[in-house]
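Biologist: I am new to this structure and would be grateful for a close look at a single part of it. Could you take one hairpin and describe what surrounds it in the chain?

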Amino acid sequence: SAKIGRSVHIGPHCIVGANVKMGDECQLLGNNTICADVVIGDRCIIHPGAVVGSDGFGLANDNGIWVKIAQLGSVRTGNDVEIGANTTIDRGAIGDTVIEDGVKLDNMVQISHNVEIGAHSALAGCSGIAGSGKVGKRCILGGGAGVQGHLQLGDDVVVSGMTKVTRSFADSGSYT
């Protein structure tokens, strides 16, 4: 039941789940997993080992026992998105995780459930955004930068490498 666009290249050992919608001219370079119900835009490049649409860290502690919470959302990417090797983008818990047009994710980036990344933002290797974070348009996160959950970065925000973001920043500028 997956719908694959025109001129799509699916490399070796890729898994495309049920109800996936993939646009035209995409490239899955190998060993990728695109989980059920994910929507991928046109001209996206997904490097080896990436996983798009796996469950997020949806757990609740019930008297000392971790109980799994169903992850009912999905992942939607815009057009011209590039996803680096061994990057993981978790499906949303209820709504979708959204990666807008032109976003570039380097290798080993972690995008948690319900995150939204604005158009033409770029995240360097080993950076990560915790659940329900929002990143504006044209933002840059340096290598190893981390954004705590439920925070918001406005448009044109630059976060230096290895920086831990512990509060929201509405104004554009560089933060370290």
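Modeller: A definition is needed at the outset: two strands are said to pair if DSSP finds at least two bridges between them. The model discussed here is predicted. With that in mind, consider strand 10, residues 59–62, and strand 11, residues 65–68. These two strands run antiparallel and are joined by 4 bridges. Within this pairing, Asn-61 stands opposite Trp-66 of strand 11. Together, strand 10 and strand 11 make up a hairpin, with 2 residues between them. In the turn, Asn-63 has a positive phi of about 55°.

Strand 9, residues 51–54, pairs in the parallel sense with strand 6, residues 33–34, over 2 bridges. In that pairing, Val-51 of strand 9 is the bridge partner of Thr-33. Both strands belong to an open sheet of 8 strands, in the order 3-6-9-14-17-20-23-26, with parallel pairing. Strand 3 (15–16) and strand 26 (164–165) stand at its edges; each has a single partner strand, so one side of each is left without a neighbour in the sheet.

Methods:
Residues are numbered from 1 along each chain as its sequence is written. This is a predicted model: local features need pLDDT of at least 70, side-chain atom pairs count only at pLDDT 80 or more; totals for chains, interfaces and linings use all residues. Side-chain values use heavy atoms; hydrogens and water are left out.
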